[in-house]
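Subject: The structure I promised you

Hi there,

Here is the structure we talked about. Could you open it next to this email and follow along as you read?

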Amino acid sequence: MLKNIGAIVKSADACIARGDYEKAIAEYDLLISYLPGNPEYYALRGYCYSKRQQFANALRDYSFAIALKPDAPSTLFNRGRAYFAIGEHELALADYQKSAELSPQWDVFFNIGIIYRCRHEFEQARKFFRKAVLQRDCDCKSVNHELMSLMHIIQKKSLLRTVPCGRFNRSSEIRRLIRNAQRHIRYGACEEALPLYHELVTREPHNAQFLLLRGCCYFYMESYELALNDFSMAAAMAPENTAAWINQARVYMKMKQPDMAIRVLKKAHELEDAWDIWYLLGIIREDNYEFNQARLCYLKALQRAPARKFLNVALRKLMRRIRLTSGLRIVKTTNTGESSAVTRKALSLMMEGNCEDALNYCNTLVERFSQCRFRYEMRGCCFYFMEEYAKACEDFSAQLKLTPHRASTWFNRAQAHAALENFAEALSDLDASERILPECDITLIRDSIYKYRKKIEVESPKLDIVISDDQIT
């Protein structure tokens, strides 16, 4: 039988070459039955299973092969690809890293970079793509394409303001240095670009634009302290340069210093009323759970740059977050007619974050369409999103006079009372809502009110404080 093994191996190889993986699997079944201790046959059968998208079987065979031969880089690489195909990125990364230690090939570094990009760890992805490019047998075209795409994402997400090469009215040598540095940045080679920026700064140490360029390079390399130093020096040299202040804010945001970021953004706003300033302020406010302030900042950014679609996306995500955290139950329109059209428009504007315009439509509903049963509840929800909780309570109370058996209105008024720290009224409204229509979220809201009321009582004990006139400013 051993005489036939060579023929079976040749037959299996021929099947793989022509893409007949099903027959190749049958051939490897025979080989494994004859030689169950050979890791190569398990690895090849796992490869065939991968080609047929049978990843569970492929992982089983790759694992058998690695158990028999743990230092096989190609098997580790292929198992990593199978793990990546089923979404197990952590396991795939571990296999790729072991494979890279045993045999540093460009495709291993490339796949590691892909995983880091999927995890939004862009600097790590850039480093591994660069490692792939530097390998001798690299497919530079595909890797450079990924690098350019990645750098486009990094630059878009960073919102840094840089200096285009065409703005420099300098000697041809200076322009050549800038073009070369920017070309390196374009292909993710920040380490190669940095010496060129050093040379530019050395030649003209008082040129704020060169400091801005080098600071951006440091930022892309995630060397935030060095970037902040360059941006601060640029702002000191050219305090009228808005880019220096905005770039400082981006660094402070990365360093988790929102107060400093807001301070420098205010200085930037004194120079220019730009969309990116408002957008960055909105991000800071949202991260600090100041949702209404974030909504207003995003709206102002959108008014100044209506063509930037990601601002609409940011607003919708924020409104969804507000709605989920508030737990409000929004009115759904089912009727036809003019009042229904106004209601739909108000809802649409509200969900897009434009509550000010939505409020105008809600006022129209209240003033002109008395047949609209839920007009006060609509306006109450709008007031709630604008953090005008007292007005929201008034409208929900007016709605309850019209529809006293509507559970969602009792629930919404409970949320508004809770926001005003009227905990007794909030709990009473939750009980009324539960008597009409028991829902699972009522228990959660009630528990959170109990916890928050207890926290307020502990942190803010009632004290008799006398404030003199000279203490009031």
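Some ground rules to begin with. This is a predicted model, where local features need pLDDT of at least 70 and side-chain atom pairs count only at pLDDT 80 or more, while totals for chains, interfaces and linings use all residues. Residues are numbered from 1 along each chain as its sequence is written, and side-chain values use heavy atoms, with hydrogens and water left out.

Let's start with helix α7, residues 106-118. (Helices are DSSP runs of H or I with at least four residues, numbered from the N terminus.) α7 has 13 residues and reaches 19 Å from its first C-alpha to its last, close to the 18 Å expected; that expected span is 1.5 Å times one less than the number of residues. Of those 13 residues, 10 are buried, where buried means under 20% relative accessible area with a 1.4 Å probe, protein chains only. Among them are Trp106, Phe109, Phe110 and Tyr116. What do the buried residues of α7 pack against? Their partners are α5 (73-85), α6 (89-102), α8 (122-134) and α9 (140-158), with contact meaning heavy atoms within 4.5 Å. After α7 comes His120, whose phi is positive, near 60°.

Helix α11 (residues 190-203) has 14 residues and reaches 20 Å, close to the 20 Å expected. Its buried residues include Cys190, Leu194 and Tyr197, and the buried residues of α11 pack against α8, α9, α10 (172-186) and α12.

Now the pockets. Rolling a probe the size of a water molecule over the atoms shows where empty space is left. Here a pocket is an open set of points on a 1 Å grid over the protein atoms alone, where a 1.4 Å probe fits, with protein on both sides within 12 Å along at least five of seven lines; lining residues have an atom within 4 Å of a point. The volume is the space filled by probe spheres set on the points, which are joined across faces, edges and corners.

- The largest pocket holds about 1,200 Å³ of space. It has 38 lining residues, and Lys157, Ser158, Arg250, Tyr279 and Ile283 are the closest to its centre. α16 gives the most to this lining, with 8 residues.
- The second largest pocket has a volume of about 660 Å³. Of the 19 residues that line it, Thr325, Ser326, Tyr384, Tyr389 and Ala419 lie nearest its centre. Here α25 gives the most, with 5 residues.

Next, look up Asn412 in helix α23 (residues 407-419). Is Asn412 buried or exposed? Asn412 is buried, with a relative accessible area of 0%. Leaving out residues up to four places away in sequence, Asn412 touches Leu328, Arg329, Glu377, Cys381 and Phe396. Its C-alpha is 8.9 Å from that of Leu430, 18 residues apart along the chain.

Last, the cysteines. A disulfide is a covalent bond between the sulfur atoms of two cysteines. The cut-off here is a pair of cysteine sulfur atoms within 2.5 Å. How many disulfides does a search of the whole structure find? The count is 0. For Cys217, the nearest cysteine sulfur is that of Cys190, 4.8 Å away, and Cys217 is buried at 1% relative accessible area. For Cys381, the nearest is that of Cys362, 8.5 Å away; Cys381 is buried too, also with a relative accessible area of 1%.

Happy browsing!

How values were computed:
Helices (H or I, at least four residues) and strands (E, at least two) are DSSP runs, numbered from the N terminus. Buried means under 20% relative accessible area, exposed over 50%, partly exposed in between (1.4 Å probe, protein chains only).
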